[in-house]
Structures are given as C-alpha cells and as structure tokens.
Amino acid sequence: MNIKITYSWLLDYLDTDANPYEIQKYLSLSGPSVETVEKIGDEYVFDIEITSNRVDMASVFGIAQEAQAILPQFGKKAKLKINPLEKYSFKKSGLLEKGGDDNLDVEIKGENLCSRFTAIVMNSVDVKESPAKIAKRLELCDIRPLNNVIDISNYLMLSLGQPTHIFDYDKIAGKKMILRESKKGEKIITLDGKKINLPGQDIVIEDGSSNIIDLCGIMGGNNSKVDENTKSILFFVQTYNKKNIRRTSMLTGQRSVAATYFEKGLDTERVEPTLCFGVELLKKETGGQISSKLIDIYPKRPKEKQVRAYLKDIQRVMGVSIEEKKITSILKNLGFKVERFENDELAYPDSVFFDVTVPTFRADDVDIKEDIIEEVARIYGYYKLPSIMSPLVHIKQPKDIEGLFKITQRIKHFLKTLGLHEFMNYSMISGQMIDDLDMKKGGHLKLANTISKEIEYMRISLLPSLIKNNIENKGKKDELKIFEIAKVYKKRENDLPTEKYKLAISADTDFFDLKGILTAIFEELNIKNISYKNGDYNLFSKNKSAVIYSGKEIIGFIGALNEKYIEKFSLKKDLYLAEIDFEFLIKNYSDIASYEEPIKTAIVKLDSTIDMSAINYSDLKRQAFSISKHLINIEIIDSYKNNLTIRFYFADKDKNIEEDAAKKELDSILEKVEK
Amino acid sequence: MNLGDTADLLKKELSKANDLDSLKEIETSFLGRNGHINKLLKTLKNAPQDKRKELGISINKLKQETVKLISEKKDLLIEKSNNKKIDITLPGKKYPKGSLNPVTYVIEEISSIFEKIGFIRMSYPEIEWEFFSFEALNMPKDHPARDDFETFFMDFPKHKEYGKMVLTPHTSSGQNREMRRLGKPPIRMINIAKTYRPNWDASHVPMFHQFEGLCIDEKINITHLKGTIEYFVKELFGNDREIRLRPFHFQFTEPSFEVDITCDICNGTGYLDSKKSQKCRLCKQGWLELGGTGMVHPNVLKAGGIDSSKYTGWAFGFGVERVMMMKEGTGINNMRDLYDGDIRVLEQF
C-alpha cells in the first residue's frame with residue numbers, strides 16, 4: 001500500500017534538520033520507500049510505499065518513528081516531539097469516568113471477529129467545515145474533506161494508522177449493536193451509495209431494528225451516516241480479524257482505504273491512543289461532549305514478546321563487524337527494549353547476546369533473530385556494506401537439463417534462420433477450442449479459479465494454440481510459418497502431471513515444405529533413421545498425415561488440418577501442422593556428424609522417369625537399395641503428374657564402375673518397381 | 001591448309017571471339033596437340049630437303065605470332081569483362097527472415113551471465129503442490145498470496161501431505177526442489193520459468209516469466225548478495241548502472257530487499273532536463289525497481305533439510321519481461337505485446 005503525508009505534518013511529531021529531499025533519500029535507503037516528493041505551494045507531499053508487514057508505519061507518526069532511527073545514521077538530527085503511544089491513555093484522558101446518560105448495548109456474536117471493540121458517544125456536536133489546516137492536509141494527501149466530523153476520522157487514520165468510524169448516534173435503532181458474521185445474500189448500502197450483496201462471513205453490525213449499519217473494516221452504512229443535522233455521534237475504534245476483512249474487500253470489490261489497513265492486521269494497543277486523540281480533536285473542532293461511558297471490549301491483551309539475538313549472528317549475516325552500542329541504539333530508536341547479556345559458558349554461537357522486547361505494533365512482524373538482524377542491518381545501511389562476488393564453486397548440471405537448454409536455444413535459432421517465427425502462447429486453452437477440435441475436456445487438467453474462459457484447461461498439445469495463432473493472424477501475411485517450444489501437461493492419478501516439452505510447427509504453404517523443415521532439424525542435429533508412415537488422426541485430413549518414427553519409436557506426427565476445421569475457423573488457406581517430442585531430440589542429437597569416407601572411384605549417374613501410381617517413394621527407395629548393390633544414392637530431379645524423374649547414383653568402391661554395369665543394375669530395379 | 005591460310009583463319013577466328021571461352025577454343029584448335037600449328041609441323045617431313053629449314057622457321061614464327069595474338073586478345077577480353085558494369089544498388093537475393101519472441105533472447109542472456117559465475121540453470125515443475133509453492137517458503141496458510149485472487153489452483157484432489165495443486169505463482173518453488181535434489185549445500189542455481197497469476201488486463205498477462213537465483217553455502221552474507229546482483233546488473237544493463245538495496249518484506253527471505261537500478265532515460269536524476277522541469281515518466285525519481293531479494297529465511301532452509309546454524313544463503317526472484325522492458329532499445333513496454341500473438345509485432349525481433 002502507499003500513503004501520502006506532508007512534510008509539515010511530519011514535523012508535528014518529529015524534530016529534525018533534514019529537508020524533504022534528504023528524508024526521501026535516507027528513508028528509502030533504510031526504511032519505507034519514499035517514491036516521490038512533490039512540492040505543492042509551500043508544502044511538500046511524500047508518496048510512501050508501505051510493505052504489507054509494516055502497517056504500523058502507515059501513518060505520520062509511524063514514519064516519524066522510523067525517521068528517528070534512520071536519520072541520525074546520516075548525520076541528521078531526529079527526535080520524536082510527541083509519542084502518542086505514551087502521551088495518551090484512557091486514564092490520562094479521563095475517559096474512565098462516567099461521561100453521561102447515553103448508552104449503547106453491544107453484543108458480539110462469534111469469537112475472533114473483533115480483537116478490540118471501543119466506542120463512546122458524544123453529543124452537542126456541531127457539524128460544519130473543518131478548520132483550514134486539517135482540510136488542507138487531507139486534500140494534499142488525496143482525501144476529500146467533507147465536514148469536521150468525517151475529516152477528523154480520516155485525520156486520525158493518517159496521523160496514527162488506525163482507521164475509525166463515526167455513526168450518527170440517533171440513527172442507531174434501539175441504541176443496540178450486534179457485531180456478527182453476515183449471511184450470504186444480506187445487503188447493505190454503503191456510504192458511497194453502492195448497494196452491496198454480501199458474500200457471507202463478512203463482519204457486520206446490526207442495530208436494534210435488524211438493519212445492517214456497518215460493513216466493518218470496509219465502509220459504514222448509508223443508513224447511519226453523519227450529515228449536517230447530526231447532533232450526537234458514536235465514535236467507534238476497532239480492530240478486526242484481518243482475514244475476514246481481506247476476503248470481504250476482495251469479494252465485494254470495495255477496496256476502501258480503511259480495508260487496506262484492517263486487512264493487514266492492526267495493533268490492538270493503538271486503539272486506545274487513537275480514541276483519546278480522537279476525543280480531544282472532536283471536542284476541540286466540533287464542540288462535542290462525552291455523553292456515555294466508554295465501551296472497551298478487549299478479550300485478549302497481547303503478551304510481551306522477546307527475541308534473542310547473538311552478536312556473532314548479526315555480524316555473520318551482515319558480513320561486517322558492527323559495534324554493540326550501535327546495535328542497541330538502533331533497536332531502541334525503533335521502539336524495541338534491549339538487554340545485553342554476556343555468558344562465557346556459551347561459546348557457540350557467541351557469548352554476547354541481546355534479549356530484545358518487541359513492541360506490540362511489531363508483534364506480527366518480528367519473531368526470530370533474523371528479524372532483529374534485518375532491523376539492525378537496514379538502519380545501519382545496506383549501502384554501507386561492501387559488494388563481494390559469491391564464492392565460486394562447481395555444481396554439476398544434470399546432462400538432460402544441459403541438453404534441454406542447449407537444444408532449445410539451437411533449434412529456436414535454427415528455425416528462425418529458416419524463416420520461421422516463434423510464438424509463446426499461454427499454457428492454458430479454452431474449453432471452446434477443445435470442443436471445436438473434437439478433443440476431450442476430460443483429458444485436460446482444469447483450473448479451479450480461472451479468470452477467463454480463454455484460459456481454463458492446461459494444454460496437452462501445442463497445436464490448438466498454433467491453430468489459434470493462425471486464425472488470429474489470418475490475412476496478415478502472404479505466408480505464415482510459426483513454431484513454439486513449450487511444455488504440455490498430462491494428468492496422472494494422485495500425482496503432479498507429467499510436464500514434457502514439445503516442438504510444434506505450423507506452415508500455411510504445403511505438406512512438403514513442413515516436412516522439409518522437420519528433415520532440416522533432424523539433419524542439423526545429426527539424427528538419422530527417421531521414417532514416416534500413413535497416419536490416421538481426426539485432426540488431419542484423411543490420407544494427408546503421417547506418424548513420424550525413429551526406428552520403432554513414435555516421436556511425433558505431421559498432417560494437413562482437416563478440411564472441416566479449415567471450414568469451421570474460416571481459414572483462408574490450408575494449414576499444415578507437426579508436433580515432435582522435444583525430449584527425443586535432446587536424447588538423440590549429436591554435435592558432430594559421423595564421418596563417412598568419400599567414394600574415390602567413378603560414380604555413374606543415371607536418370608529415369610518412373611510412373612508412381614502403384615508404388616510410394618519410400619517403398620521404391622527401399623526396394624532399389626535391396627536389389628542393387630552398387631546403388632549409393634537416389635534423388636528426385638523432377639515430377640509431373642504421377643511421374644517422378646529420379647537420378648540414381650552407382651559406384652563400386654573398389655574399382656571404377658563401367659556404365660554398362662550400372663545400366664544393368666538400373667534395369668533390374670526398374671523391372672521390379674514398374675511391375 | 002598451308003601457312004598463309006592458317007594465318008588468315010587465325011585472324012578471322014580471333015576477330016569473331018568475344019569471350020574467354022571461345023578464345024580458349026581457338027587456342028586449342030591452333031596450339032593444341034592436334035591443332036593447326038602441329039598439323040603444319042607434321043607436313044615438314046614431306047617437304048623437300050632444301051626447303052625444310054626455311055619452312056620450319058616460318059612455322060615457328062607463325063606459332064610465336066599465334067601465341068602473341070591470342071595473348072593480346074585475352075588481355076583485351078579480360079579488360080572488357082572487367083569493365084562490364086553491374087548496378088550494385090540492386091537488392092540482394094531474398095532469404096527468409098524469421099523471428100524469436102523477445103523473451104527468448106533475454107532468457108538466453110540471463111542464463112549466460114549466471115553461467116559465467118558457476119550458477120547452473122535448472123528446471124522444476126510448473127504445476128506444483130502448495131507445499132513447494134508456499135509452506136516450504138514460509139508462507140502460512142492464511143497468507144494473502146495463497147488466496148484465489150493471487151494464485152491459480154487446479155481442479156484436482158488434494159495431496160495428503162502437500163495440499164492443493166497450483167500453477168506456480170513464482171519461480172521460488174524451485175528453491176525447495178533444489179535443496180532436496182542436492183541434499184546439502186553448496187547450491188548455486190538459476191531457475192528461469194513460466195509463472196502464473198490471475199491477473200489479465202490492459203497491462204497484465206496471466207502467464208509471464210521469472211528468474212530465480214539461489215546461493216547457499218557456509219558463510220554467505222549480505223555482501224555476497226550485493227556483489228552478485230551488482231555483477232548481474234552491470235552485465236545486463238551496462239557498466240554505468242548503479243544499484244541500491246531497499247528494505248522490503250517477503251516471507252521467504254529475512255532480511256528482505258528490493259533492488260533498484262538507476263534509470264537510463266534520465267541518468268538517475270528523475271528529470272529529463274537540467275532545469276528539472278520535465279519529470280522522467282519511466283522511473284520513480286531516478287530509480288527503477290528491479291525486483292525482490294534477500295537472505296534465505298531459516299524456515300525455508302529448514303524445510304529443505306538444511307541446517308540454518310551452519311549454512312546461510314541468498315535468493316532473488318525477478319521478472320524476465322520486466323528486465324527486458326527496462327533494458328535499452330527493446331521498445332516494448334507492454335507485456336501484452338509479447339503474448340497477444342500478433343505476427344506484425346513478433347516478426348520484428
């Protein structure tokens with residue numbers, strides 16, 4: 001979360017000689033990140049990022065307290081002028097005495113909803129404009145001033161970091177409040193006029209007529225709000241269970257400022273000074289008088305917490321020999337109590353240690369010695385620590401992992417060189433796409449909480465994504481050849497899915513263009529013995545698909561997208577698709593091709609045109625090699641209709657082959673294949 | 001053919017020759033083994049005794065003349081050929097130009113930077129049990145990052161020990177996996193992988209990439225974290241970029257930091273001009289946020305079976321796309337451009 005505060009407001013709490021820009025620079029290095037300082041008129045406005053563990057810092061006082069610890073490290077004066085935690089208590093403010101006859105009947109249903117409940121009634125309130133100082137400060141900090149009562153509530157939140165709420169006391173029916181969990185479907189109209197349908201388990205307050213008058217920790221109800229006619233108010237300071245608040249805020253979309261505080265969990269001890277300071281301000285600015293006794297329901301006071309940290313441990317993690325007295329002064333300035341001990345019998349880890357008492361506002365955040373080390377190290381200054389390269393050691397990278405990254409990189413660049421484009425698609429696809437391609441949803445892992453139907457099922461193949469890419473890029477290019485290398489996820493029983501890498505390619509040119517790309521990949525990786533057999537896939541057109549084998553192992557498939565899908569997706573051109581097991585490539589690649597001695601004797605080349613209507617090329621090739629012992633290579637020179645012109649290469653590695661002998665071998669090949 | 005005819009024929013042929021190939025043919029037909037000159041020489045033995053010497057001298061003269069004429073013609077033709085003009089401004093032959101997603105290039109660069117200092121790149125499940133994504137990282141059950149708004153859950157029965165199945169919301173789940181794989185330190189790991197969060201709007205995408213660094217050993221302290229990240233930043237972004245560590249909060253590290261680097265657009269000043277009238281829109285007053293890092297939390301070491309009194313470590317997790325967009329010259333400043341799959345965007349890289 002971010003908060004805005006002003007420089008002059010900060011100076012209410014802090015005595016310092018640091019200017020706004022010094023404060024920005026130094027606080028950012030050692031504490032909260034002051035993202036910007038903006039000069040507006042004669043004021044400076046800080047925009048400060050507060051990390052989720054330090055909601056105690058999300059106030060002018062919280063920042064002053066940090067500054068008190070940080071600025072002296074940079075040679076700047078910084079001392080708290082007021083510490084509201086010490087200045088205010090119910091007792092010191094006289095709030096424990098009976099204040100009047102107004103009454104409120106409070107019932108809390110359910111444990112762990114509200115860790116502290118305080119309230120007090122004030123009458124004779126004069127609702128009017130706020131004094132200029134308060135209104136201006138709020139406005140500079142992005143809060144719109146409304147009237148003195150509401151403004152004080154907001155002013156308190158920014159001053160001390162504890163949101164409060166103020167009801168019109170006369171609008172609370174029966175002067176009764178029941179704090180409880182909501183039921184699903186209950187409704188409230190909040191202060192901003194929004195009608196909210198409650199998801200259930202929200203913390204709400206019901207009055208004596210069963211109206212919900214507050215969506216606790218988020219926003220008050222419209223039915224009990226303070227307006228210009230308000231005379232009596234109920235001043236209300238609470239801390240709630242942070243989980244309920246976050247849940248309600250997220251589910252209803254009501255991300256109010258108060259919610260961003262409450263959902264982080266607030267210090268129950270800060271309720272007291274906030275209420276006292278609030279009463280002081282309300283008396284002064286609205287003329288209000290206390291007219292009820294103080295209500296304070298506080299089921300469980302926090303226990304004081306101690307953490308032990310050894311001097312050596314602090315020095316070990318920081319990597320420098322920080323002095324003891326520096327450690328104690330840093331911690332004390334942050335509000336910790338520190339006791340130093342020395343025990344020579346404790347050789348390990350160190351004889352010197354500190355017992356550190358954690359202030360209640362840091363109770364959620366500081367538990368172990370590392371938390372203490374962090375406090376010391378950051379205030380000491382990370383910028384002061386030297387930069388040293390981590391010591392070099394050798395860790396063996398598993399071979400299959402090494403191969404994965406190496407081949408991925410190589411194939412990506414190889415395909416790019418061939419003119420293909422890499423796409424990175426989401427790992428999830430839509431149920432619609434699965435249906436459209438007549439695949440089964442049941443075979444896919446499904447997301448339980450997807451945010452869009454477009455990304456609901458984990459891919460078991462990359463091809464649906466590539467088809468989608470082709471649909472979405474339809475007509476943008478004359479020719480589109482794309483690829484993706486990514487994991488697919490196959491469901492298993494009672495276990496994580498398998499995650500296997502695939503290489504998928506699509507080309508809107510022709511089958512042999514795509515097949516040629518695959519061949520080029522296999523050649524680039526020196527992988528031999530790849531063969532293609534007719535395939536039968538629903539995804540592809542009949543007779544235009546193949547299973548790809550390496551020996552007897554199936555390693556992928558290739559085919560022309562079935563005409564019915566071309567029609568369904570109104571694709572303008574035919575689409576050819578292939579998917580290969582990437583792990584096969586990783587296991588079988590070799591960096592250097594195996595060497596074959598060049599043939600040094602004569603080679604006779606003979607061309608022949610063959611009618612292929614009765615035989616396919618791969619059978620022809622297989623037969624030719626089995627018949628002729630001097631055939632060393634065959635090559636397609638030309639094709640026309642069913643005819644192929646094929647060049648046959650003959651050689652005898654022991655002596656120069658005679659042309660007649662070669663012709664004879666070709667004749668016996670032709671006799672066999674043309675039969 | 002007699003001597004005179006041969007000389008005439010040579011002149012006639014040479015005058016017709018207009019390229020080096022036809023000149024080569026002429027040379028062979030006159031000076032070759034069966035050429036006209038050799039044929040004339042063969043007639044010598046049939047010539048009368050008294051004329052033989054004279055004839056011999058004449059043939060020899062013709063031969064020298066032939067060699068000379070051919071050589072002169074050759075020089076002429078070479079010069080002619082050299083003087084032939086081509087329009088060197090015509091385009092070259094068109095070869096196909098492919099492309100890779102910009103993320104690929106950045107991943108390659110990051111791996112290579114860490115490889116040089118002995119960090120091995122690893123790979124872990126993208127679909128994980130809650131235990132590895134959260135518990136093992138010191139993130140308790142009620143941590144906001146674990147709710148439906150921050151993490152994708154799978155529709156799958158819970159594991160008895162490890163809880164629900166999730167799509168990894170960060171690469172940090174690899175930390176525990178690596179500790180288990182190696183059994184004990186030293187660990188030097190880099191994990192670059194897809195990560196997923198339920199957030200999809202004008203500038204967010206539900207899938208993106210992170211890279212995680214993990215270093216665990218004896219005597220590892222904050223100074224090592226600083227040194228290593230500084231090395232990385234200078235390698236990737238350039239030697240003139242500075243880093244700062246800011247205190248931050250993460251469950252799996254303690255102390256935790258956020259790393260900022262100086263902005264290259266405004267040179268770390270926060271303003272685009274020397275009069276400080278134009279604010280830099282890219283950075284926060286001179287600093288760009290790189291990502292989160294910190295010393296590995298003792299509970300995380302413990303979950304990985306590592307003795308936290310003996311070993312310490314640091315870890316970081318940065319966004320790949322973020323780093324890419326922070327690098328000079330890519331020009332892409334919206335995550336969606338990388339994943340919306342528009343060929344007109346992707347083909348440029």
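This is a predicted model: local features need pLDDT of at least 70, side-chain atom pairs count only at pLDDT 80 or more; totals for chains, interfaces and linings use all residues.
Residues are numbered from 1 along each chain as its sequence is written, chains are lettered from A and ligands numbered from 1 in the order in which they are written, and side-chain values use heavy atoms, without hydrogens and water.

**Exercise 1. Describe the build of chain B.**

Start with the secondary structure: chain B has twelve helices and ten strands. Helices (H or I, at least four residues) and strands (E, at least two) are DSSP runs, numbered from the N terminus.

Next, look at the overall extent. The C-alpha atoms of chain B fill a box of roughly 125 × 55 × 45 Å along the principal axes. Its radius of gyration is 39 Å, whereas a compact globule of 349 residues would come near 20 Å. That radius is taken over C-alpha atoms, and the globule rule is 2.2 Å times the number of residues to the power 0.38.

Of the 349 residues of chain B, 53% count as buried; buried means under 20% relative accessible area, exposed over 50%, and partly exposed in between (1.4 Å probe, protein chains only). Among contacts in chain B (heavy atoms within 4.5 Å) between residues at least 6 apart in sequence, 66% join residues at least 24 apart.

**Exercise 2. Is Glu86(A) buried or exposed?**

First find the residue: Glu86(A) sits in helix H4 of chain A, residues 84-87. Now check its accessibility: Glu86(A) counts as exposed because its relative accessibility is 56%. Finally, see what lies across from it in the fold. The C-alpha atoms of Glu86(A) and Pro273(A) are separated by 8.3 Å, although the two residues are 187 apart along the chain.

**Exercise 3. Explore the cavities.**

Begin with the rule: on a 1 Å grid over the protein atoms alone, a cavity is a set of points where a 1.4 Å probe fits but cannot get out, and a pocket is an open set with protein on both sides within 12 Å along at least five of seven lines; lining residues have an atom within 4 Å of a point. Grid points are joined across faces, edges and corners, and a volume is the space filled by probe spheres set on the points.

Count next: there are five cavities of 30 Å³ or more. The largest cavity holds about 180 Å³. Its lining has 21 residues, and Thr51(A), Asn53(A), Arg54(A), Pro247(B) and Phe248(B) are the closest to its centre. H12(A) gives the largest share of this lining, four residues.

Sort that lining by class: five nonpolar, five polar and eleven charged residues. Here Ala, Val, Leu, Ile, Met, Phe, Trp, Tyr, Cys and Pro are nonpolar, Asp, Glu, Lys and Arg charged, and the others, Gly among them, polar.

Compare the second largest cavity, of about 100 Å³. Its lining residues include Arg316(A), Glu370(A), Met295(B) and Tyr311(B). By class, they divide into six nonpolar, three polar and three charged.
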